[in-house]
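Let's explore a protein model together, one question at a time. Take a look at the picture first, and then follow along.

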Amino acid sequence: MLTDLSLAELKPLITESGQPLYRAGQLYKRLMAGDSADAMTELPKAFRARLFDRYDAAGTEILKTYRAKDGTYKYLFGLRDGQTVEGALMSQAYGATLCVSTQAGCRMGCRFCASGLNGLIRNLSPGEILGQVVAVNRAAGGTAERRAITNLVLMGSGEPLDNYDSVTAFLRLVTAEDGLRFSQRNISLSTSGLAPGIRRLADDGFSVTLSISLHATADEQRSAVMPINARYPIAEVLGAARYYFEKTGRRVHIEYAMIEGLNVNYFDAKRLATLLKGFPVHVNLLYLNSVPERQLKSTSKPAGERFLERLKALGVNATVRKSRGSDVGGACGQLRARHEAGRNEAPKA
Ligand code: SAH
Ligand code: SF4
């Protein structure tokens, strides 16, 4: 599909068809705005007909839109082969953050997550990830020049570093000067901790904000909820995160879902403080979203607040993140899981 291509890669298609090169720029602008072939009236009709006969413009469309009580929009995206992935748009005082998916399903098997329930289905292509941004930007009234989205987070379904080539190609496309021009500092990549991928990202010159889904303070405890920990234990993940910080100068974020009876006692606070000593991170504590298919439960609010206070007293830079859109399946992978189960009871916008 055409959204897989950069402007430079689009150019040969234009010259092959005998069109002047400036048509590439015109076409690219339209593609980034998510315009339909019919709307591209500045391009000759016969050229458009031939081009869109051979290529799809985008491979991602919004199938359903849900609006949560807190104003968060959730989207179910359809891909060309009938697969679905999801995204969410959250408005804040400073702008709007879109959460996108990088894979259909996920093979990491974290025990609290709905995305991994059926394993990995397939990787998304760069254009399918970009297509989520283009489609939501358009739906939210934005254009290629005046975006309705200010920040991106790679926190939908999938493990971004398990689809390294597509994700980094997507990052290049979405930050391109002649495209949507996102700044890397406004993009967060969340990972369950594929240590070699984290190092590679830094070595390849990326400087997006890195979020580590830590969720535990000891290897045994982490392995019990995140099987990937057996391969890349905590010390290795945090070692790679430090390397990323040293190479990029970007403060790393630590995601920590508070799970009842698992990771919120006094010793966890002490161990977390020790693990993060001398490493200038920001810890995002969050209450686990309950997933019907999973047994784990969130900690209570008082216990969560107590954990936050303990961390602060130990000198850890932490805040509690509010869960957004949970009444319409805010948790990772829930919307898709519900769609697949054929019970789409969330309210329609
Ligand atoms: N695969 C990547 C990014 C997608 S998941 C990763 O794991 O980091 C995005 C975030 O949602 C991760 O921090 C993940 O741990 C978290 N998450 C998954 N299921 C959740 C749930 N039920 N409640 C709260 N957070 C959840
Ligand atoms: Fe995959 Fe992230 Fe879900 Fe774990 S939390 S199963 S890595 S999407």
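Q: In which sense do strand β7 and strand β8 pair?
A: This is a predicted model, so everything here describes a prediction. Find β7 at residues 151-154 and β8 at residues 187-191. The two strands are joined over 3 bridges, and the sense of their pairing is parallel.

Q: Which residue in β8 is the bridge partner of L152?
A: Stay with the pair formed by β7 and β8. Look across from L152 into β8, and the bridge partner there is I187.

Q: Which strands stand at the edges of the open sheet of 10 strands?
A: Reading across the sheet, the order is β1-β2-β3-β4-β7-β8-β9-β10-β11-β12, and the pairing is mixed. A strand with a single partner has one side left without a neighbour in the sheet, so it stands at an edge. That is the case for β1 (60-67) and β12 (318-321).

Q: What does the twist average from one strand to the next?
A: The sheet is open and has 10 strands. Going from one strand to the next, the twist averages 25°.

Q: What angle does the direction of helix α10 make with that of β11?
A: Helix α10 covers residues 301-313 and packs on the sheet. There it touches β10 (253-258), β11 (282-287) and β12. Its direction and that of β11 make an angle of about 170°.

Q: Why is the protein chain as compact as a globular protein of that length?
A: The protein chain has 11 helices and 12 strands. For 349 residues the globule rule gives 20 Å, and the chain comes close to this, so it is as compact as a globular protein of that length. Its radius of gyration is 21 Å.

Q: What percentage of the residues in the protein chain are buried?
A: To count as buried, a residue needs under 20% relative accessible area. Out of 349 residues in the protein chain, the buried share is 54%.

Q: What does helix α2 reach from its first C-alpha to its last?
A: Helix α2 runs over residues 22-33, which gives it 12 residues. At 1.5 Å a residue, 16 Å is expected. The model comes close to that, with a reach of 17 Å.

Q: Which helices do the buried residues of α2 pack against?
A: Begin with the buried residues themselves: R23, A24, L27, Y28, R30, L31, M32 and A33. Residues three or four places apart point the same way, because an α-helix has 3.6 residues a turn. The buried residues of α2 pack against α1 (7-16), α3 (45-54), α4 (126-139) and α5 (164-175).

Conventions:
Residues are numbered from 1 along each chain as its sequence is written. Chains are lettered from A and ligands numbered from 1 in the order in which they are written. This is a predicted model: local features need pLDDT of at least 70, side-chain atom pairs count only at pLDDT 80 or more; totals for chains, interfaces and linings use all residues. Side-chain values use heavy atoms; hydrogens and water are left out. Two strands pair if DSSP finds at least two bridges between them. Helices (H or I, at least four residues) and strands (E, at least two) are DSSP runs, numbered from the N terminus. Axes are lines fitted to C-alpha atoms, for helices over the stretch in contact, and angles run from 0 to 180 degrees between N-to-C directions. Contact means heavy atoms within 4.5 Å. The radius of gyration is taken over C-alpha atoms; the globule rule is 2.2 Å times the number of residues to the power 0.38. Buried means under 20% relative accessible area, exposed over 50%, partly exposed in between (1.4 Å probe, protein chains only). The expected span of a helix is 1.5 Å times one less than its number of residues.
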